Amino acid sequence: MTTIDDSKAKRNVAVLVAAQAFLGSQITMIFVIGGLAGQQLSPIACLATLPISLIVFGSMTTAPWLSSLMQKFGRKAGFFAGSIGGLLGAAVSGYALTLESFWLFVAGSYLTGIYMSAQGFYRFAAVDVASEEFRPKAISYVMAGGLLSAIIGPQLVSILSGSSADATVMRFFPVYLAAIGLNVVGMMLFLFLDIPKPPKPAVGDPGGRSRIELLMTPRIGVAVICAMVSYALMNLVMTSTPLAVVACGFAVTDASNVVTAHVLAMFAPSFFTGHLIARFGAERIVGIGLAILGLAGIVALNGVDLGNFFVALILLGIGWNFGFIGATTMLAGSHEPHERGRVQGMNDLIVFGGVTVASLASGGLMNCSGSTPIEGWTAVNLAMVPLLTLAGGALIWLVMQPKSAEV
C-alpha cells in the first residue's frame, strides 16, 4: 500500500487556517452589523435581513462557476477571485451607507457572497493532496482557523461602532473600511499555497458521473442534505440573533459578544472533531451535531434572558461544527478527483441555496410573524423542526443501507 507524504498537505493547511482566520473575520463582522444596518436602511421591516440573505445568495450562485474555475486554473486563482469579490463588496456596501441606499447596500452584500463562496472551498482544498487518514483532520484544522475570525470580527465591530455615539447608519462605515483592509492584506496569503492544478483528462478517460448520478449516490446525497440542514439552521438562528438581542433591550455590544461566543463555539471543537470522526465515523458525529442543534432550539425557546442567548448560540455553533464537518468528510471521500469540480460546486450550490432560503425566512419570521420580538424569536426557533426531521431521517436511512449501496 502506497504511503502518502502529508508534509505538503500540512503546509497548505497552515495557509488555509491563516486565511480562514483573517480573511474570514470579514464575514463575522458583516453578519453582526448587516441586519442592523439593513433595519435602518430598509423601507420595509421584513426586509431587514435581506443584505445578509444576499451574501448567502451570492455564495450560492458563485459556487458552480468558482468551482469550475478552480478545476481549470487551480485553487489559487479561485481564492484570489473570492478575495477581490470581498473587497468590492465591502467598498460598495460602505459607499451605500454614505448614500443611505438600501438597494446599493444589498448589491454590495451580493459581491461579498463571492468571497463567502471561496471561503467555503478552503475545507475542500485542505484535502486535495492529503492522505485518507489526514483528510478529516485537515478539514477540521482549517475550520478551526475560524476561532481567530470569531475573535477578530465581532470585536472589531465593538471597537469600531459598538460604543459610537452616532445613531445613524454611518456608525457602521468603519467596519466596511476594515473589511477592505482585511481583503487586501489577506489575499497575499494565497501566494504561499501549493496545490497543483487538477490534471486534464486524456482522450478516452471516463468523464465521471453526471450531477444527477452523483446526487443520487446515497452517501453523497445524504452528505449534501446534512450539510445543507446544519448550515441553514445555523444561519436561520444566527441571522436573527443580533435583532433579537437588541429588541429585547440589550446593547449592540451584547449582540457582538453573543455572536463572538457563537462563532467560537462553531470553530473551537474543530481541534478534535477530525479525531472524533476518524475514531467513530462521520455518520455518528453528524447525528450528534443534529441533536445538539435541536437542543439549541429548546434553550432558545425557554427564555430571552442574555444567558439564554449565549447558551443557545453556543450550542448552535457546536451542532453546526459536528454536522457540517462530518458531512464534508462524508462528501470528500465519495467521489473521484476528476469529479471534484462537479460535485463540490453542486454541493455548495445546494447548501447555500438552503442557507439563502433560511436567511430570507429568518428576517420575515423575526420581524413579521408576531406582534412582539419574543414571538418572532419563537417562530425562528420553531422553524428548525422540519429541517432537523429531514436531515435526521436521511441519516438514519443511510445507516440502514448495505455498505455496497452507499456509493
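# Cavity, pocket and selected residues

User: How much space lies in the largest cavity?
Analyst: In this predicted model, a cavity is a set of points on a 1 Å grid over the protein atoms alone where a 1.4 Å probe fits but cannot get out. Grid points are joined across faces, edges and corners, and the volume is the space filled by probe spheres set on them. For the largest cavity, that space is about 320 Å³.

User: What limits apply to a predicted model, and how are residues numbered?
Analyst: Local features in this predicted model need pLDDT of at least 70 and side-chain atom pairs count only at pLDDT 80 or more, while totals for chains, interfaces and linings use all residues. Side-chain values use heavy atoms, with hydrogens and water left out, and each chain, as its sequence is written, is numbered from 1.

User: How many helices and strands does the chain have?
Analyst: Helices (H or I, at least four residues) and strands (E, at least two) are DSSP runs numbered from the N terminus. By that rule the chain has 18 helices and zero strands.

User: Which residues lie nearest the centre of the largest cavity?
Analyst: Lining residues have an atom within 4 Å of a grid point, and the largest cavity has 23 of them. Elements giving two or more residues to this lining are α2 (25–41), α5 (102–120), α6 (122–125), α11 (218–247), α12 (252–267) and α15. Nearest the centre of the largest cavity are I27, Q119, Y231, M266 and F267.

User: How does the lining of the largest cavity divide by class?
Analyst: Ala, Val, Leu, Ile, Met, Phe, Trp, Tyr, Cys and Pro count as nonpolar, Asp, Glu, Lys and Arg as charged, and the others, Gly among them, as polar. On that basis the lining of the largest cavity has 15 nonpolar, seven polar and one charged residues.

User: Which element gives the largest share of the lining of the second largest pocket?
Analyst: A pocket is an open set of points with protein on both sides within 12 Å along at least five of seven lines. The second largest pocket has a volume of about 310 Å³, and its lining includes E132, R135, I277 and M330. Two or more residues each come from α7 (135–144), α13 (270–280) and α15 (306–332). The largest share, three residues, comes from α15.

User: What radius of gyration does the chain have?
Analyst: The C-alpha atoms fill a box of roughly 65 × 45 × 35 Å along the principal axes. The radius of gyration is taken over C-alpha atoms, and the globule rule is 2.2 Å times the number of residues to the power 0.38. For 407 residues, a compact globule would be near 22 Å, which agrees with the chain's 20 Å.

User: Is P51 buried or exposed?
Analyst: P51 sits in helix α3 (residues 50–73). Contact means heavy atoms within 4.5 Å; beyond four places in sequence, P51 touches G34, G38, F102, F105, V106 and S109. Buried means under 20% relative accessible area, exposed over 50%, and partly exposed in between (1.4 Å probe, protein chains only). Because its relative accessible area is 1%, P51 is buried.

User: Is E100 buried or exposed?
Analyst: E100 lies in the loop between α4 (75–99) and α5. Its phi is near 55°, a positive value in a residue other than glycine. With a relative accessible area of 57%, E100 is exposed.

User: Which residues more than four places away in sequence does T98 contact?
Analyst: T98 is in helix α4 and counts as partly exposed at 41% relative accessibility. Its C-alpha atom is 8.4 Å from that of V169, 71 residues apart in sequence. Leaving aside neighbours within four places, T98 contacts M170 and F173.

User: What distance separates the C-alpha atoms of C248 and V380?
Analyst: C248 is in the loop between α11 and α12, and its 23% relative accessibility makes it partly exposed. Leaving aside neighbours within four places in sequence, C248 contacts V304 and F309. C248 and V380 are 132 residues apart along the chain, and their C-alpha atoms are separated by 15 Å.

User: Where is N381, and what relative accessible area does it have?
Analyst: N381 is in helix α17 (residues 373–382). Its contacts, leaving aside neighbours within four places in sequence, are V237, G297, A300 and L301. N381 is buried because its relative accessible area is 4%.
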